[in-house]
Structure formats: C-alpha cells, structure tokens
Amino acid sequence: MLPLPHRMLAFALVLAALALTPCVVSAGPQHPEPEHPPADKVHPAQGHDAHADHDEHAAHKELSAQDHVSDANEIHLFTSIWPQTIHLPNIFGFQITKFMVLELIAAGLILVFYIPLAQQMRSGQPVHGWFWNAFEVLLTFVRNEIAKPNLGEDQADRYLPFLWTLFLFILFNNLLGMFPFLGSATASIYVSGALALIVFFAIHGSAILSMGSATGGGHGHDDHGHGHAHHDHAHAPQAGPTNPAAVVGLGTWRYLQSLWPHIDVPIPIVGFLIKLLVFVIEIVGILVRNGVLAVRLFANMFAGHMVLATILLFITMAASAHWALWGTITVSSVLGIVALSLLELFVAFLQAYIFTFLASLFMGMAINPQH
C-alpha cells in the first residue's frame, strides 16, 4: 500500500481533476460582445443616440449579486481603480473559469499543508504548535466521528484517505469564498454535482469490491441461518476470487442480490411483483441520495454568498443618495456583513461535515447491507 503522503497526493489530484471536468464542459463557447464603431466615425446626426446607447450599455454591464457569486470567465476586482478585471485565458478551445482556478488553489493548499503534516506524523514525532494541531484535529475528527461510526473499525482506515480528501476539498473551497474577490466553487451545481458523482462511484464501487473479495456466499439478507447450520460443518469457508475481473463480476452480482428484497409472500406472482416494485424504489432512492447531496451543498453555499453580495451592493446602490443616508446604509451593511460572515464561516465547516458524513453513511450501508 502507498504511504500516507502519496495516497493523499493521489486523492487530491484525482478529486480536483474530476471536479473540474463538469466546469470545463459547462463553460461552452463564449459569445463575443458586439463591436461598436469608433466615436469619430459616428454620423453627427446620430451622436446623441450613440452616447445614449453607450450609457445604456455601460449600465447594462453593471454587475449584480449573482454575477459576483456565479462562475465567470474573468475575476472582477475593482470598479474605479486598477486592476479592475483579470481575464482568464481560453486554451485550445477550453475556457478557463474562475471556479476552475479556485478548485486548483484549494487542491494546492491541501497539498501544501497536509503533505508536510503527513510526513511529520509518519516519522513518529508528535505535531507541535497550534497551527499544525489545527490541521491535525480535522483529520482526527473525520476518522473518529465520521469514518469509524459509519464504516466500522475494520473498514474505516481503508476508506479514510478518500473521506479526508473529500472533506478537505469541500472545506477549502467553502472557505475561499470568505476572501474578497474570490468565491466558493461549491456554489456551482456543476462542482457539487461532480462531487456527488464521485461519491456515487465510491459508494457502489466499494460495495462491489468488498462483496466480490469476501469469503462465503455473501448473499446479504439471506444469511440469517434458517436450517442450514449443517452446511457450515460440512464445508469450510472458501476464499474469495483474486482475479480483478472475477472480483468485480462476483461483487456486482452479490451487490444486486443485496438490493433485491427478501419478502415471504404466499402467492409467487404477487410476491415477485412486490419485490420488483421495492427493488425499483431502492434504485431510485440510490439516485435521489446523490442528487440531494449535490443540491444541498450547492444551495447552501450559493444562498449564503448571494445574501452577502446583496447586502454589500446596498452601499453602491445608495452612492447617489444623501450623505447621511449613504453613511447609515454603509455602516449597517458592514455590520450585517460581519455578523453574517461569522455564520457563513460556520456553514462552511457544517456543509463539509454533512457531505462527508452522508457519503460515509451511504458507503457503510452499501458495504454492510445486512445491518
């Protein structure tokens, strides 16, 4: 097995790449803005109309709260001083967006902070200082409060690097939205949907591999011992297959068996129809779980930043008002932003915890369907 620093490096890079993929696809072709003729070539009779159109165009380009929160092809900084906007490049037809850059920054910060921490822990030396202890306590919390209760003592450490990376990646993206001029990539449905898709494959992939490599029959709900005790004495447990293709094939069959309900109904045809209905409901429920994961993370982060951006824009909206009114709105907006930012800081940690907790819970339910 790879050492802990290498595992965290691999998981961070894979997670960042997979989360970037929907953003690249969703970027699409960008429509250039219509060109306007130079001012000296405008007909004198049309001068007044040209200036009116220019003013209207400038007002149209004024950014709204949603523009500040949503993904874009540029990073907006200031409105009256330099630099005002950083335009992101288009590389071989793929438009780089703000959220792509933020995701790479989040993945890079994970590597910068946690690879040295993992190397120090691997050497056996205790972590010193409040700074490094603050990062270590996040790992301990995920292991003791999320992984072990949901996956069990025997499976927790096996999937812990994935849960660590998932938690840290979401947390760092959430926290980047607290900094000026940046944003939360998790406020995009494409990013949260990509994370939910990763969790979907992790849930069912871990269950298939676990059941495919397990010994015995692995029939899930059927293993309750109804009059079959004599077989346990007659046959020793058989080891699971070692060939990867055989493990995946056998694991898939056993996993589907675990999803098929085992209900005793006197009439066979009625029993089959009921079982089929319950099986279809179970499949739909599996898809809904991951959809809810994506929507919950996206909605909470998007709504929180929309509120913050809207309150801040009150200051610019009141810029032309009387100075007393403008001062009152400015002070009230700043105080409101400070209070809501503390709440948003709590939400950033809470949403990372909820997403990781539910992911580990669903993985535990899939790996151990009998429980």
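Student: Which residues of helix H7 meet which residues of helix H9, and what counts as a contact here?

Tutor: On the H7 side they are His-204, Ala-207, Ile-208, Leu-209, Met-211 and Gly-212, and on the H9 side they are Val-247, Val-248, Leu-250, Gly-251, Thr-252, Arg-254, Tyr-255 and Ser-258, where contact means heavy atoms within 4.5 Å. By class, this contact of H7 with H9 has 8 nonpolar, 5 polar and 1 charged residues; Ala, Val, Leu, Ile, Met, Phe, Trp, Tyr, Cys and Pro count as nonpolar, Asp, Glu, Lys and Arg as charged, and the others, Gly among them, as polar. The model is predicted, so local features need pLDDT of at least 70 and side-chain atom pairs pLDDT 80 or more, whereas totals for chains, interfaces and linings use all residues. Residues are numbered from 1 along each chain as its sequence is written, and side-chain values use heavy atoms, with hydrogens and water left out.

Student: Why is H7 called roughly perpendicular to H9?

Tutor: The axes of H7 (residues 189–212) and H9 come within 7 Å and cross at roughly 105 degrees. Axes are lines fitted to C-alpha atoms, for helices over the stretch in contact, with angles running from 0 to 180 degrees between N-to-C directions. Angles under 35 degrees count as roughly parallel, over 145 as roughly antiparallel, 65 to 115 as roughly perpendicular and the rest as oblique, and H7 is therefore roughly perpendicular to H9. The helices themselves (H or I, at least four residues), like strands (E, at least two), are DSSP runs numbered from the N terminus, and the protein chain has 11 helices and 4 strands.

Student: What makes H9 and H10 roughly perpendicular, and which residues make their contact?

Tutor: The axes of H9 and H10 come within 9 Å and cross at roughly 110 degrees, which makes H9 roughly perpendicular to H10. H9 contributes Tyr-255, Leu-256 and Leu-259, while H10 contributes Phe-279, Glu-282, Ile-283 and Ile-286. The residues of this contact of H9 with H10 divide into 6 nonpolar, no polar and 1 charged.

Student: How many aromatic pairs are there, and why is the pair of Trp-260 and Phe-279 called tilted?

Tutor: A pair of aromatic rings is described by the distance of the centres and the angle of the planes. Rings of Phe, Tyr and Trp (its six-membered ring) pair if their centres lie within 6.5 Å, and planes under 30 degrees apart count as stacked, over 60 as edge-to-face and the rest as tilted; the count by this rule is 14 aromatic pairs. For Trp-260 and Phe-279 the centres are 5.5 Å apart and the planes stand at 50 degrees, so the pair is tilted. This pair links distant parts of the chain, since Trp-260 lies in the loop between helix H9 (244–259) and helix H10 (268–317) and Phe-279 lies in helix H10, 19 residues apart. Elsewhere, ring pairs link Phe-113, Tyr-114, Trp-130, Phe-131, Trp-132, Phe-135 and Phe-172 into a cluster.

Student: What makes Phe-92 exposed, and what is its phi?

Tutor: Phe-92 has a relative accessible area of 80% and therefore counts as exposed. Phe-92 lies in the loop between strand E3 (90–91) and strand E4 (94–95), and has a positive phi of about 50 degrees although it is not a glycine.

Student: How do you know that Ser-333 is buried, and which residues does it touch?

Tutor: Ser-333, in helix H11 (residues 323–367), has a relative accessible area of 3% and is therefore buried. Leaving aside neighbours within four places in sequence, Ser-333 is in contact with Ile-311, Phe-314 and Ile-315. Ser-333 and Leu-312 are 21 residues apart in sequence and 6.2 Å apart in space, C-alpha to C-alpha; Leu-312 belongs to helix H10 and, with a relative accessible area of 44%, is partly exposed.

Student: Why is Asn-150 called buried, and what does it touch?

Tutor: Asn-150, in helix H5 (residues 130–151), is at 15% relative accessibility and therefore counts as buried. Not counting residues up to four places away in sequence, Asn-150 touches Phe-357, Ser-360, Leu-361 and Gly-364.

Methods
Buried < 20%, exposed > 50% of the residue type's maximum accessible area, 1.4 Å probe, protein only.
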